[in-house]
Amino acid sequence: LPAISASLVVTADRMLDVSSGKLINNAVVVIDENTISQAGSANDVTFDSSDRVIRLGDATLLPGLMDMHVHLTSDAATHGYKRLGVSVPRATLKGVKHAKDTLRAGFTTVRNVGAPGFADVALKEAINAGEITGPRMFVAGPSLGVTGGHCDNNLLPFEYNQKSDGVADGPWEIRKAVRRNIKYGADLIKFCATGGVLSKGTKVGAQQYTLEEMQALVQEVHLRGLTVATHAHGTAGIKAAIRAGVDSVEHASLLDDEAISLAVENNTYLSMDIYVTEYILSEGKAAGILEESLAKERKVGKAQRESFKNAVESGVKMVFGSDAGVYPHGDNPRQFARMVEFGMTPVQAIRAATINAATLLKQQDKLGSIEKGKLADIIAVPGNPLQDIKAIESVSLVIKNGEVIKQPAASR
Ligand code: ARG
């Protein structure tokens, strides 16, 4: 007799079709192993009485959420000089908890854009081996950057000889650093094109790396078939990075019209972390964020929200990127309400965190929507998130790769 394995079936009052932006009523999704085998309204879907059924009632099914900017090995309570006391092994262990918190909040996929010591590679391997619970991870390893830049660590004086793993100056040192990151398991490369808020002694508006260096970096990465994410707040650095061909600009705080047009022309994705400013300004001091960083944040946060509005109006491609790790892992969904407040429709905000992110990752055949043949990464939120986007802050069901990670007690 052939072995008949039962399907997993989820029913809910609504399901979002992210491509059309329409809700499907009386939704049913059938999952076999790790794949969606049917999805639609109850009339169009058939399943067996012996299948395992999760009935959600007044809830909306969404594709698993995807955050394109996290640091799972970073702890939001430990910034600035406090962080110098955290070893890479300790940070990795913190990452185990952060990975679980992130997945349970509804994020079934993340892009980890920078981790010392390739801790992100270790975390990803442990998740994929089924040893720990966490989202699908696409990882960058250590971020590349100039000596003394945002991707270096500038907290200690000269005699300590401190330098971050990703420091590389000049085209050939940069190419070698790219090759090394790929050797040790990077899925993408992250570099710093400008100064930043949380780094000591850097200016957010100032470009880091020359255009020549950025071009060498991007060419080397693309040759190898990977993508490039760049940290960039300042206008000049954003434009240089887009001209050099990066795939996504992170933060993108100080956008002018030319920068937005360049992004549109070059199909560059913007990943704008517009919630984190609230955490930095309210909790940052206690967490160890330096006063100079708080001062930078007071300016950048506001400007970034203006830029976000303009970017949304222009129709440029956007993905959801939170910078969780600066703020607590699991609070990622708080950014959705800000994205809506600053110009997106709820559907646009959800697309940024699903189908757009899947496309940036070149995983649109497998991820990003609830469709037959795609991997079974599905979440549910109470009520209707198109009417109240805050519903997405209370994810009630999480299925990753066909495995139920979280479900409401009443549906058991
Ligand atoms: N990691 C980023 C930096 O240090 C955080 C910026 C957060 N602020 C913001 N408004 N997005 O530059």
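Colleague: In what sense do strands E10 and E11 pair, and over how many bridges?

Modeller: E10 (residues 227–232) and E11 (residues 248–251) run parallel, with four bridges between them. Bear in mind it's a predicted model: local features need pLDDT of at least 70, side-chain atom pairs count only at pLDDT 80 or more, and totals for chains, interfaces and linings use all residues. Residues are numbered from 1 along each chain as its sequence is written, and side-chain values use heavy atoms, with hydrogens and water left out.

Colleague: OK. Which residue in E11 does His-231 stand opposite?

Modeller: Glu-250. Glu-250 also stands opposite Ser-271 in E12, and E11 and E12 pair in the parallel sense over three bridges.

Colleague: How does the chain get from E11 to E12?

Modeller: Through H6, in a right-handed β-α-β crossover. Right-handed means that, with the strands pointing away from you, the path from the first strand over the helix to the second runs clockwise. E10, H5 and E11 make a right-handed β-α-β unit too.

Colleague: Which residues of H6 are buried?

Modeller: In H6 (residues 257–265), that's Ala-259, Ile-260, Leu-262 and Ala-263. Buried is under 20% relative accessible area, exposed is over 50%, and partly exposed is in between, using a 1.4 Å probe on protein chains only.

Colleague: Why are they on the same side of H6?

Modeller: Because they cover an arc of only 160 degrees around the axis, going by the directions from the helix axis to the C-beta atoms. Asp-257 and Glu-265 are exposed on the other side of H6.

Colleague: What covers the buried residues of H6?

Modeller: The cover includes helix H5 (235–244), strand E12 (269–271) and helix H8 (291–314). Contact means heavy atoms within 4.5 Å.

Colleague: And what caps the N-terminal end of H6?

Modeller: Asp-256 does, with a side-chain oxygen 3.2 Å from the backbone nitrogen of Glu-258. A polar contact is a pair of N or O atoms within 3.5 Å; within protein, one must be able to donate a hydrogen and the other to accept it, and residues adjacent in sequence count only if both atoms are side-chain atoms.

Colleague: Switching to the ligand: which of the 15 residues around it come nearest?

Modeller: Val-197, Leu-198, His-233, Glu-297 and Asp-323. Being near means having a heavy atom within 4 Å.

Colleague: How far is an N or O atom in the side chain of Asp-323 from a ligand nitrogen atom?

Modeller: 2.9 Å. A polar side-chain atom of Gln-304 lies 2.9 Å from a ligand nitrogen atom, and for Asp-273 the distance is 3.0 Å.

Colleague: Last one: is Asn-384 buried or exposed?

Modeller: Buried, at 14% relative accessibility. Asn-384 is placed in the loop between strand E14 (378–382) and strand E15 (397–400). The side chain of Asn-384 reaches the backbone nitrogen of Leu-386 at 2.8 Å. Not counting residues up to four places away in sequence, Asn-384 touches Arg-14, Leu-23 and Thr-60.

Definitions and conventions. Helices (H or I, at least four residues) and strands (E, at least two) are DSSP runs, numbered from the N terminus. Two strands pair if DSSP finds at least two bridges between them.
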